[in-house]
Amino acid sequence: MFDSLPGFREFLPDSCGVRNTIFNVLRSTAERYNFLEYDAPLLEPLELYIEKSGPEIVSQLFNFEDKGGRAVALRPEMTPTLARLVGARANSMKRPIKWFSIVENFRYEKPQKGRTRSFYQYNADILGDASPGADAELILLLIASLKRFGLNETDFVVRLSDRQMWVAFLKSWDLSDTAVAEVLGIVDKMQRVERQVTLEKLGKCVSEPEALLSDIEKLIQVRSIDALESFLAATDYKFSERLEDLRILVQRLSAAGMDGFVQLDFGIVRGLAYYTGFVYEAFERSGESRALAGGGRYDELVKKMGGPDLPAAGFAMGDVTLRDCLEEKGLIGPSTPEPSVYMVVGGEAEMAACLKDVTRLREQGFRVEYPFKPAGFGKQFKNAEKSGAKYAVVYGEDEIKSGALTVKVLASGDSVTVPRDTLIRWLSDQGVRDL
């Protein structure tokens, strides 16, 4: 027997049912917000990811040379592909472009809790709109997507920050672009390491690491726009325009009633260098404080990938941590769809009538099961109960002759007689409809 590869999951029917339930919730939520679904090839040119993330990304990829001698890689994320797709067609597309996808990605990383080598990701992006209203729409979709599973403000919070504000703040320390990027990388990890480690790293970027770290720690503690304005007043950089954008964003979220789900938190910087504006992460509020999703504005990426200068923003949500969270809270669990109707058939002579009705029921959206080979009525009723069906419909010799079917309610054991030509209407009246 062969085993599956490390870091790759198998979805047997009950597990696949959970996965599909999650996907259906995410898909229907995005569609409510008028996002359009798209898809793209799983295999992309390796250079696409190197262009976006640099050569160091290669060690994290499943990459190889194909039979045509091309350097290719399995998709590790959807954003570069999105930039490629939209960049090639942007001039002919109506804006804003609101797209979403639910796709499988691959990363060659060490498998661990919450992280696998194969994973699905829910992505939502808005391109062609640089206003804070687009950022607000994405955050509202993110919150709505989590709420649809039964999660509430005691379960998760969206921590909101601004890369543009961070860059301006660090520039006020006369840091070069390279040093700014290095410091942001340090800030991104500082809450997971000892303070002394952060101080030593900052010492390689600035001459006064203690003073800079002290200011960074003060900024990270800011939890309101008024407090942010007071903090920034001590710097030399003019932040008035950016503060206004932040106010608009926060006001939009508040107007939608999402105050309890959003927290200003400058401890969030998002480690990826391509972010250019507002950034955010959705965190579970439990002790583990797992990140459920993350995103932000990346206005320069489409141009960097060879397309036009097109503003863009988006978020991604991985299925692994989301599913772990939902299962731990008892909001979702293993499930295998069950038929609503099980046909009990007297013999081959009655099978023709049964199959005609099975076909009609299935075409109308009912989930129906029937025996593939002859068996006694007693065994068939037991099989009907095991299947989880609500009703067993009997096709015996007497039923076929009279045109009236015996329908047994399996939960109670009661039976009713239903004219065969009204079976679909009768089942619909009982509230039965599967698909």
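Which residue in E4 stands opposite glutamate 44? The answer is in point 2, after a word on the model.

1. **Basis.** This is a predicted model: local features need pLDDT of at least 70, side-chain atom pairs count only at pLDDT 80 or more, and totals for chains, interfaces and linings use all residues. Residues are numbered from 1 along each chain as its sequence is written, and side-chain values use heavy atoms, with hydrogens and water left out. Helices (H or I, at least four residues) and strands (E, at least two) are DSSP runs, numbered from the N terminus.

2. **E2 with E4.** Alanine 73 in E4 stands opposite glutamate 44. Strand E2 (residues 43-45) pairs with strand E4 (residues 71-74) in the antiparallel sense, over 3 bridges. Pairing requires at least two DSSP bridges between two strands. Leucine 43 has leucine 74 in E4 as its bridge partner.

3. **E3 with E4.** Strand E3 (residues 63-65) also pairs with E4 in the antiparallel sense over 3 bridges. Here valine 72 in E4 is the bridge partner of phenylalanine 64. The hairpin of E3 and E4 has 5 residues between the strands, and glycine 69 in this hairpin takes a positive phi near 80°.

4. **The sheet as a whole.** The 3 strands form an open, antiparallel sheet in the order E2-E4-E3. E2 and E3 are the edge strands, each pairing on one side only. The twist averages 35° from one strand to the next. Helix H2 (residues 46-53) packs on this sheet and touches E2, E3 and E4. The direction of H2 makes about 65° with that of E2. Contact means heavy atoms within 4.5 Å.

5. **H5 against H8.** The axes of helix H5 (residues 163-171) and helix H8 (residues 209-220) come within 12 Å and cross at roughly 155°. That makes H5 roughly antiparallel to H8 (angles over 145 degrees count as such). Axes are lines fitted to C-alpha atoms, for helices over the stretch in contact, and angles run from 0 to 180 degrees between N-to-C directions. From H5, Trp166, Phe169 and Leu170 meet Leu212, Asp215, Ile216, Leu219 and Ile220 of H8. By class, this contact has 7 nonpolar, no polar and 1 charged residues.

6. **H12.** Helix H12 (residues 319-328) is largely enclosed by the rest of the structure, because 8 of its 10 residues are buried (under 20% relative accessible area, 1.4 Å probe, protein chains only). The buried residues include Asp319, Arg323 and Asp324. Their cover includes helix H1 (13-32), helix H4 (132-147) and strand E11 (312-318). Just after H12, glycine 330 takes a positive phi of about 70°.

Technical notes: Parallel < 35°, antiparallel > 145°, perpendicular 65-115°, else oblique. Nonpolar A, V, L, I, M, F, W, Y, C, P; charged D, E, K, R; others polar. Buried < 20%, exposed > 50% of the residue type's maximum accessible area, 1.4 Å probe, protein only.
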